[in-house]
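Here's a quick briefing to read alongside the model. Keep the 3D view open as you go.

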Amino acid sequence: MQTGELLGSGRTADVFAIDDQWVLRRYRDGGDATAEAAVLTYLAERGYPVPRVRDPMGTVPRTDLVMQRLHGPSMLRALLLGTITAEEAGSVLADLLHRLHSVPARTSAEPTHRTLHLDLHPDNVMLTAGGPMVIDWCNSEEGPPGLDWAMSSLILAQVAVDTTALAAPARAVLASLLTHLGPAVAVRNTGRGPLTEARKRRAADPSMSESETSLLDEATRLVLELTPGRP
C-alpha cells in the first residue's frame, strides 16, 4: 500500500499518513497486526475510545493496520506544552482504565478477566476534539485488571525515578493515577501480585534498554510508596 508522511515511530512500528482520514501502522519486524485489529474492532463496537479500523480482516498485509487518523496532540505533548496538568492527566488515564475494565473480555471465559492494554501511558493517549483516544494495542491481552494498573504505574515510575526533565511530571501523573485506584484493584500487594508480575514483564521486555531495566527496583518502590492505603 502506498504511504505518505511518516507521522510517528514507536519501539516496534511506524505510522504513515494515507490521507486526512486514515493512517497505516506497519510493524517493522514483520509482526502480525491481526490480533490488534480484532481488539480495536471489539472495543470500538462497545463504545470504548479507540481509532476505527478499516478492512480489519483485510486485503492489506498482516503486518499492516489501516486505522482512523486522529487529530490532536498526545497527552505527553499536552503535558509538555502545559495545556493539561499532571493531575488531570492521571485522572484521565485512570478513567480510561476503569472504562476499559468495564467491558467484558472478548474471548476469556474467566469472569474476572478483562481486555488489558498493558502499555497505557501519556504517549499512547491522543487528545482529540472528541475526547481522549487510546492507541497502540500491540501488547493487549486478557487478564486481571490489576495487572493493567500495575503496568501503567510502573511505566510512569520508571520515568519518575530517571534523571530526565520528564521525571517530575511523571511522578505527579503517577501520584494522581494511583489516587483513582478502584477498591478491587490491589496493586500494592507483593509476592505473586500484579506489581510483581508487571516488574517481571518489564524486565523481560527486549525493547527496553539496560539503563531502563536498571530503574525497575527503584520504580517499584515508588509505586508502593505512592499507592494510598493498599494492603
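## Helix α5 and its surroundings

The buried residues of α5 pack against α2 (75-81), α3 (86-100), α4 (145-160) and α8 (216-226). This is a predicted model, where local features need pLDDT of at least 70 and side-chain atom pairs count only at pLDDT 80 or more, while totals for chains, interfaces and linings use all residues. Residues are numbered from 1 along each chain as its sequence is written, and side-chain values use heavy atoms, with hydrogens and water left out.

A few terms first. Helices (H or I, at least four residues) and strands (E, at least two) are DSSP runs, numbered from the N terminus. Buried means under 20% relative accessible area, exposed means over 50%, and partly exposed is in between (1.4 Å probe, protein chains only). A contact means heavy atoms within 4.5 Å.

**More on α5**

- The residues of α5 that count as buried are Ala167, Ala170, Val173, Leu174, Ser176, Leu177 and Leu178.
- Helix α5 covers residues 167-178, and at 1.5 Å a residue its 12 residues should span 16 Å; the end C-alpha atoms are 17 Å apart, which agrees. The expected span here is 1.5 Å times one less than the number of residues.
- An α-helix has 3.6 residues a turn, so residues three or four places apart point the same way.

**How the helices cross**

- The axes of α5 and α8 come within 9 Å and cross at roughly 45 degrees. Axes are lines fitted to C-alpha atoms, for helices over the stretch in contact, and angles run from 0 to 180 degrees between N-to-C directions.
- That makes α5 and α8 oblique to each other. Angles under 35 degrees count as roughly parallel, over 145 as roughly antiparallel, 65 to 115 as roughly perpendicular, and the rest as oblique.
- When α5 passes α8, the crossing is right-handed. A crossing is left-handed if the near helix is turned anticlockwise from the far one by less than a right angle, and right-handed if clockwise.
- On the α5 side, the contact with α8 is made by Arg171, Leu174, Ala175 and Leu178. On the α8 side, Leu222, Val223, Glu225 and Leu226 make it.
- For α3 and α4, the axes come within 11 Å and cross at roughly 160 degrees, so these two helices are roughly antiparallel. Their crossing is right-handed.
- Where α3 meets α4, you'll find Leu93, Ala94, Leu97, His98 and Leu100 in α3 and Asp148, Trp149, Ser152 and Leu156 in α4.
- Helix α4 has 16 residues and reaches 23 Å from its first C-alpha to its last, close to the 22 Å expected at 1.5 Å a residue.
- In α4, 14 of the 16 residues are buried, so this helix is largely enclosed by the rest of the structure.

**The four-stranded sheet**

- An open sheet is formed by 4 strands in the order β1-β2-β3-β4, with antiparallel pairing. Two strands pair if DSSP finds at least two bridges between them.
- β1 (6-9) and β4 (64-68) stand at the edges with a single partner strand each, so one side of each is left without a neighbour in the sheet.
- On average, neighbouring strands of this sheet are turned by 25 degrees against each other, direction ignored.
- Strands β2 (residues 13-17) and β3 (residues 22-27) run antiparallel and are joined by 5 bridges. A hairpin links β2 to β3 through 4 residues.
- Across that pairing, Ala13 stands opposite Tyr27 and Phe16 stands opposite Leu24.
- β3 also pairs with β4 in the antiparallel sense, over 5 bridges, with Trp22 opposite Gln68.
- In β3, 5 of the 6 residues are buried, so this strand is largely enclosed by the rest of the structure.
- Helix α1 lies across β3 and β4, running at about 20 degrees to β4.

**A second pairing and two single residues**

- β6 and β7 (residues 131-134) run antiparallel, joined by 4 bridges, and a hairpin connects them through 2 residues. Val125 stands opposite Val134 in β7.
- His121 sits in the loop between β5 (114-116) and β6 (125-128). His121 is buried, with a relative accessible area of 16%.
- Leaving aside neighbours within four places in sequence, His121 is in contact with Leu93 and Ile155.
- Ala44 lies in helix α1 (residues 34-45) and is partly exposed, with a relative accessible area of 34%.
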